[in-house]
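Here is a short briefing on one protein chain. Look at the sequence and the structure before reading on.

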Amino acid sequence: MSSQPNGNTDNSNNNKNEEDKKKEKEKEKEQKSPLNWVANFFMKIFESKPAAVGSVEMQAKNNAPAANENGSGNGNGKAKANGKSNGNGAATLVRDSSLSSSSSSVISLDTPQDYLDRLPSHLRRDATEYPTRYSMPERIVAVGDVHGDLMAFVYVLRNAGLIPSEEQLAKNQELEWDTWIGKSAFLVQVGDQLDRGDEERLILHLLLTLRDQARKQGGEVCILLGNHELMNVAFDFRFVTSGGFAEFTLLDRELELFNDEAELERLSTDCHPLFDKVPEYMKPRLVAMRPGGPTAMMMAEFNVAVIIGQYVFVHGGLKQLHLTSSSNVDFPLEQLNWETRRYLRGEGPEPRVLQLEDSPLWVRDYSNPNPRESECRELENTLKRLGASHMVVGHTPQAGGINCACEGKVWRVDTGLSA
């Protein structure tokens, strides 16, 4: 007896196909939604073995292509980092500690002590208190420019699991909104805490509060300088809001000395030739931001650039010129961080590298939608000189969210949080 086609089976298959198509359309619609804050994009995965400062080794694991916020390819090649963007303004880099030891090392510094011993004495003291290099932690969260928008910054930190969510606060009365819960994670804020928003000092204080707590748990908060921090120190207040000026009349934290009229007089006398000519509402900020002023002294604890494992973090970008122009070509970043610290403390001039039109705080070569081949080659050569494999930058808002370029060698994390 010949078998006959089962009409019920055909109908069932057709219905199933229609349901699958419907689900695909719903999924595609959800991915395109601006409310889809948790859309992930994938990267080429790297493994790394924790090692001494300056000698972290990383090896490629697979060839998964990079993708943008909605999961599709971004046209920038393949990313070479084990990480992800959560669509919430932060990039997360994760270390897989299963990698076996390699016989080669990018930088021949076998131990933290070996690294410190090779530094000149002035840099050795500075690097002990304000490190430029760190070994690779289990997790790094990188956040771009925040520009005085405390609410947006808190949102990002909560989504990254670094501070408690509202639900966690409701369940645990011992937690405060600014309690570090990130354990041994590293948070890197790549600069531009100032300007365009009204809560600049609150953001600075939050970062320092979290840094103190993180260090007690084996974590770290690396706060970098951006071009807007240096603009304020140079009394360029074009992007300061009325709330930003008002914030500097609150005499707390670093501005408590403003209660001392003698100290305020001392700060203001040599502050700037225009001090007596600016409006009264500008004077508190001008005095606080001047080199050697209380807020500039606080920002002197920040670095221009840091290297964590094989990731270089800097506000705008680093080029070979920035390294070869240093008075210490063996440790150019350490030297730049030290010179900048002295400048902010009022102990020396602004570093020459930071006076360049395309300084590490201003350059945008790697942040264009599609960097030229020559720019990617410059990036690769700069990374080689630093013994690193990736650079993470802010400074230039990315319309499509966090993304990578130059075959994943640079990650752009400025999402325009305060916009």
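This is a predicted model: local features need pLDDT of at least 70, side-chain atom pairs count only at pLDDT 80 or more; totals for chains, interfaces and linings use all residues.

Residues are numbered from 1 along each chain as its sequence is written, and side-chain values use heavy atoms, with hydrogens and water left out.

- Strands (E, at least two residues) and helices (H or I, at least four) are DSSP runs, numbered from the N terminus.
- In a regular strand the side chains alternate between the two faces of the sheet.
- Strand S11 spans residues 390–393, with His390 and Val392 buried on one side and Met391 and Val393 buried on the other.
- Buried means under 20% relative accessible area, with a 1.4 Å probe and protein chains only.
- Two strands pair if DSSP finds at least two bridges between them.
- Strand S10 (residues 311–314) runs parallel to S11 and is joined to it by 3 bridges; Phe313 has Val392 as its bridge partner.
- Strand S13 (residues 410–412) is also parallel to S11, again with 3 bridges, and its Val410 stands opposite Met391.

**Nonpolar cores**
- A nonpolar core is a set of buried Ala, Val, Leu, Ile, Met, Phe, Trp, Tyr and Cys residues joined through side-chain atoms within 4.5 Å.
- The largest one has 55 residues, and Val143 and Leu187 have the most contacts inside it.
- Helix H6 (200–216) is one of the elements that give two or more residues to this core, and H6 gives the most, with 7 residues.
- Apart from this core lies another of 19 residues, among them Val306, Tyr311, Val392 and Ile402.

Technical notes
Buried means under 20% relative accessible area, exposed over 50%, partly exposed in between (1.4 Å probe, protein chains only).
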